[in-house]
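Please keep the sequence and the model in view while reading.

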Amino acid sequence: HESCYEMVNNFNNDSKNEFVSNNRYGISIRDNIVHYAEFGIHSCDCKCLPIELTNKISLGRKNLIELTPQINLIKVLEEIDLSYNQIRDLPKTILQLKCLKKLYWSNSNLESVPTILNQLTNLTGLYIQNNNLKSLSIQFSAKHRLESFYAFGNEIENIDASIGKLSKLKYLELSENGLRQLPDTISKLQSLIRLNLMKNRIEYLPIEIGKLKNLETLHLQDN
C-alpha cells in the first residue's frame, strides 16, 4: 500500500489543482481519502488518511469560513473541532453523519445558534463556549442525547424551556453569561451531575432545582 506521503506526492496535476482550490475548507475528499491542507492530524504526520479511519478531525485555527459539504462522506466521523475560525453555519450534509458524537465550535464569534443544531440529535457533547451568543435558542427534544453541554463565556440572557428534555445531560456549563433566571424545566435534568452558573446575574433559582437528585456540584459565585 502507498504511504500517506506517497499518495500526496503522486497526485496528478488535476488533483493538485483541486486540492489547492479546496484549501478554504481545510480538507478535501477524493477517492475515499481525506486530504488535509497545510496541516496534519491527530497522531499522524501525514497529509491524508483513508475515510474509514477518519473518526476525528481537527480544523481549529485555520481561518476557515466554511465547512466542506463533502463532510458527509466521512461516515465514521465521531468528533470534529471547528474552534477559532469564522464558520457561521454548517452544511446540511452534516446531518448524514450518524456517528457524530462531539462538536467543538468555540471562539468563533457566533452571534446566533444555527438552526441545524436542532437536528443533530446524536451529539453527546456540544461545546460552543466563548462566542457572542445572546440566547440559547436550540429547540431540544427527547431525541437529543447530549451528556455534556458547554456554553460559558457568551452573552446568553435566556435559555429555552426545552432544555428540560435533555434527560441524559450530566454536565451543564453556563458560567460568564447574562442569565437572570433558569426555566422551571431545569428540574427534569435528572442525570445532571454538574451545573456551573458562576458570573451571571441570577437573582433567584427555581425551587424545582431541589429535585435534581444526582446533582453533585452547583457553582453560583459572583451572581
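Two residues are in contact when they have heavy atoms within 4.5 Å of each other. By that criterion, and not counting residues up to four places away in sequence, Leu90 touches Leu67, Leu82, Leu103, Trp105, Ile116, Leu117 and Leu120. The model is a predicted one, in which local features need pLDDT of at least 70, side-chain atom pairs count only at pLDDT 80 or more, and totals for chains, interfaces and linings use all residues. Residues are numbered from 1 along each chain as its sequence is written, and side-chain values use heavy atoms, with hydrogens and water left out.

**Overall composition**

- The protein chain has two helices and eleven strands; helices (H or I, at least four residues) and strands (E, at least two) are DSSP runs, numbered from the N terminus.
- Read from the N terminus on, the order of the elements is α-α-β-β-β-β-β-β-β-β-β-β-β.
- Of the 223 residues in the protein chain, 48% count as buried; buried means under 20% relative accessible area, exposed over 50%, and partly exposed in between, with a 1.4 Å probe and protein chains only.
- Among the contacts in the protein chain with a separation of 6 or more, 25% are between residues 24 or more positions apart.

**The nonpolar core**

- A nonpolar core is a set of buried Ala, Val, Leu, Ile, Met, Phe, Trp, Tyr and Cys residues joined through side-chain atoms within 4.5 Å.
- The largest such core has 53 residues, and those with the most contacts inside it are Ile71, Leu90, Leu103, Phe149 and Leu172.
- The elements that give two or more residues to this core are β1 (27–30) and β2 (33–36).
- In soluble globular proteins, nonpolar side chains tend to be buried together.

**The sheet of β1, β2 and β3**

- An open sheet of three strands has the order β1-β2-β3, with antiparallel pairing; two strands pair if DSSP finds at least two bridges between them.
- The edge strands are β1 and β3 (48–50), each of which pairs on one side only.
- From one strand to the next, the twist averages 20°, where axes are lines fitted to C-alpha atoms, for helices over the stretch in contact, and angles run from 0 to 180 degrees between N-to-C directions.
- Four bridges join β1 and β2 in the antiparallel sense.
- Ser28 has His35 in β2 as its bridge partner, and Ile29 stands opposite Val34 in β2.
- Ile27 and Ile29 point one way from β1, Ser28 and Arg30 point the other way, and all are buried.
- The hairpin of β1 and β2 has two residues between the strands, and in this hairpin Asp31 takes a positive phi near 50°.

**Aromatic rings**

- A pair of aromatic rings is described by the distance of the centres and the angle of the planes.
- Rings of Phe, Tyr and Trp (its six-membered ring) pair if their centres lie within 6.5 Å; planes under 30 degrees apart count as stacked, over 60 as edge-to-face and the rest as tilted.
- A search of the whole structure finds four aromatic pairs.
- The ring centres of Tyr127 and Tyr150 are 5.1 Å apart and the planes lie at 55°, so this pair is tilted.
- This pair links distant parts of the chain, with Tyr127 in strand β7 (residues 125–127) and Tyr150 in strand β8 (residues 148–150), 23 residues apart.
- Tyr127 counts as buried at 11% relative accessibility, whereas Tyr150 is partly exposed, with a relative accessible area of 23%.
- The rings of Phe140 and Phe149 have centres 5.9 Å apart and planes at 75°, so this pair is edge-to-face.
- Phe140 counts as buried at 4% relative accessibility, and Phe149 is buried with a relative accessible area of 0%.
- One aromatic cluster is formed by Tyr104, Tyr127, Tyr150 and Phe152.
- The charged end of Arg61 sits over the ring of Tyr84, 3.7 Å from its centre; the criterion is that NZ of Lys or CZ of Arg is within 6 Å of the ring centre and within 35 degrees of the ring normal.

**The loop between β6 and β7**

- Ser106 has its place in the loop between β6 (102–104) and β7, and is buried, with a relative accessible area of 7%.
- Leaving aside neighbours within four places in sequence, Ser106 is in contact with Ser83, Tyr84, Tyr127, Ile128, Gln129, Asn130 and Asn131.
- Asn122 also lies in the loop between β6 and β7, and counts as buried at 18% relative accessibility.
- Not counting residues up to four places away in sequence, Asn122 touches Lys98, Leu100, Lys101 and Arg145.
- The C-alpha atoms of Asn122 and Leu146 are separated by 7.6 Å, and the two residues are 24 residues apart along the chain.
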